[in-house]
Amino acid sequence: MIAKYQKVAVIGAGTMGNGIAHVFAQSGYDVNLIDVSQPALDKALVTIGKNMDRQVKKELMTEEAKNAALGRIHAFTVLKEGVADRDIVVEAATENVELKFKIFREMDAHSPEHAILATNTSSISITHLAAQTQRSGKVIGMHFMNPVPVMKLVEIITGYDTTEEIKNDTVALSADLGKIPVAVNDYPGFVANRILMPMINEAIYTLFEGVAGAEEIDNVMKLGMGHPMGPLRLADFIGLDVCLAILNVLHEGFGNPKYAPCPLLKKMVAAGHLGDKTGRGFYTYSK
Ligand code: NAD
């Protein structure tokens with residue numbers, strides 16, 4: 001554990017927030033998990049328990065270590081109470097610019113002066129979030145991948161003002177969680193989504209133009225390129241609304257038509273077919 005950052009807060013207890021709380025607690029950090037929704041907090045604690053049970057079964061963790069880690073996670077519904085004595089706050093709330101601006105202003109107002117304010121955003125500018133605070137040098141992107149306890153990468157995104165010290169500390173902290181941090185600069189989509197989303201969009205265009213069916217497209221990429229999951233299956237897993245939102249950020253951010261989202265993607269999102277979470281996307285899923 002890194003002594004300077006023993007007390008952590010995670011804002012948002014959804015898919016990513018519960019995973020981030022899990023890995024910090026597992027590595028010995030004290031975690032305040034904050035969400036406006038009590039049911040979301042309840043669900044997150046159950047999910048973390050189940051995911052840790054799986055690690056125990058696989059002998060990746062002992063029963064005692066699991067119980068100790070769960071004991072280090074405390075649930076809060078009021079942000080200012082959850083961040084008050086923290087050394088680092090990782091924001092993982094819903095991907096919405098206005099909401100994140102508001103949360104960053106609150107994080108800045110109520111966290112100790114020394115605290116790092118990090119965000120797990122997939123696409124919102126770190127520099128723009130930092131500008132909502134009085135400590136832009138201490139604001140940084142900490143982009144974990146889903147599922148957090150399994151995926152090794154943490155993309156570390158430095159904003160225009162992020163200091164070298166904060167970058168180095170965040171890199172060290174990520175490594176201490178057993179992750180592999182990769183530091184990049186703040187431009188639309190960072191690195192991960194700037195490369196992934198155009199590939200997914202091109203796969204959707206390939207389907208849209210009738211070049212091949214969804215399974216054929218995914219099989220080409222799995223069997224021919226060694227991808228563990230085809231791009232259309234991956235889009236369903238990420239959520240088609242999320243893919244569309246990130247492509248819009250790339251399109252607007254660079255002003256380059258090559259990032260324009262495929263009309264089929266827009267139509268599926270308008271129809272409410274968002275992938276795994278709604279039971280239907282490029283494939284159908286039983287709940
Ligand atoms: P999610 O919808 O599963 O969870 C978001 C949570 O935020 C919900 O529980 C919601 O109640 C909570 N929330 C909303 N407003 C809040 C507020 N004011 N204060 C506290 N909590 C609030 O979303 P997610 O998939 O976990 O995504 C969270 C963040 O992680 C987003 O920025 C997203 O872009 C990013 N991200 C997601 C993935 C992914 O694969 N899902 C991968 C990498 C990064």
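Mentor: Start with what covers the buried residues of helix α8: the list includes β6, α9, α10, α11 (240–254) and α12. Cover here means contact, with heavy atoms within 4.5 Å. Buried means under 20% relative accessible area, exposed means over 50%, and partly exposed lies in between (1.4 Å probe, protein chains only). Helices (H or I, at least four residues) and strands (E, at least two) are DSSP runs, numbered from the N terminus.

Some ground rules. This is a predicted model, where local features need pLDDT of at least 70, side-chain atom pairs count only at pLDDT 80 or more, and totals for chains, interfaces and linings use all residues. Residues are numbered from 1 along each chain as its sequence is written, and side-chain values use heavy atoms, with hydrogens and water left out.

Now α8 itself. The helix has 17 residues. From first C-alpha to last it reaches 24 Å, close to the 24 Å expected at 1.5 Å a residue. The expected span is 1.5 Å times one less than the number of residues. Which residues of α8 are buried? They are N193, M197, I200, N201, A203 and I204. Seen down the axis, these buried residues fall within an arc of 155°, so they line one face of α8. The arc is taken from the directions between the helix axis and the C-beta atoms. I195 and E202 sit on the other side of α8 and are exposed.

Look at both ends of this part. F190 counts as buried because its relative accessibility is 4%. After α8 comes G210, with a positive phi near 75°.

I180 counts as exposed because its relative accessibility is 51%. Together with L153 and V182, I180 forms a nonpolar patch on the surface, about 230 Å² of accessible area in total. Patches are made of residues with over 30% relative accessible area and no salt bridge; like charges are joined within 9 Å, nonpolar side chains (Val, Leu, Ile, Met, Phe, Trp, Tyr) within 5 Å. The areas come from the Shrake-Rupley method with a 1.4 Å probe, and for residues only the protein chains shown count as cover.

Next, α9 (residues 214–225), one of the elements covering α8. This helix has 12 residues and reaches 16 Å from first C-alpha to last, close to the 16 Å expected at 1.5 Å a residue. A214, I217, D218 and M221 are buried in α9. They cover an arc of only 95° around the axis, which puts them on the same side of α9. E215, L223 and G224, on the other side, are exposed. The cover over the buried residues of α9 includes α8 (192–208) and α10 (231–238). G226 follows α9, and its phi is positive, near 75°.

R233 lies in α10 and D276 in the segment after α12, so the pair ties together parts that are 43 residues apart in sequence. Both partners are partly exposed: R233 has a relative accessible area of 25%, and D276 has 26%. D276 has another link to consider. Its C-alpha atom is separated by 5.7 Å from that of F237, 39 residues apart along the chain. For reference, α12 spans 263–270.

Last, β6 (139–144), also among the elements covering α8. The loop between β6 and β7 (153–158) holds P147. The peptide bond from N146 to P147 is cis, with omega near -5°.

For charge pairing elsewhere, the model has 14 salt bridges by the rule above. One of them joins D85 and R86 at 2.9 Å, N to O. D85 is partly exposed, with 37% relative accessible area, whereas R86 is buried at 3%. Both belong to a network of salt bridges that links K7, D30, D85 and R86.

Definitions and conventions: A salt bridge is a side-chain nitrogen of Lys or Arg within 4 Å of a carboxyl oxygen of Asp or Glu.
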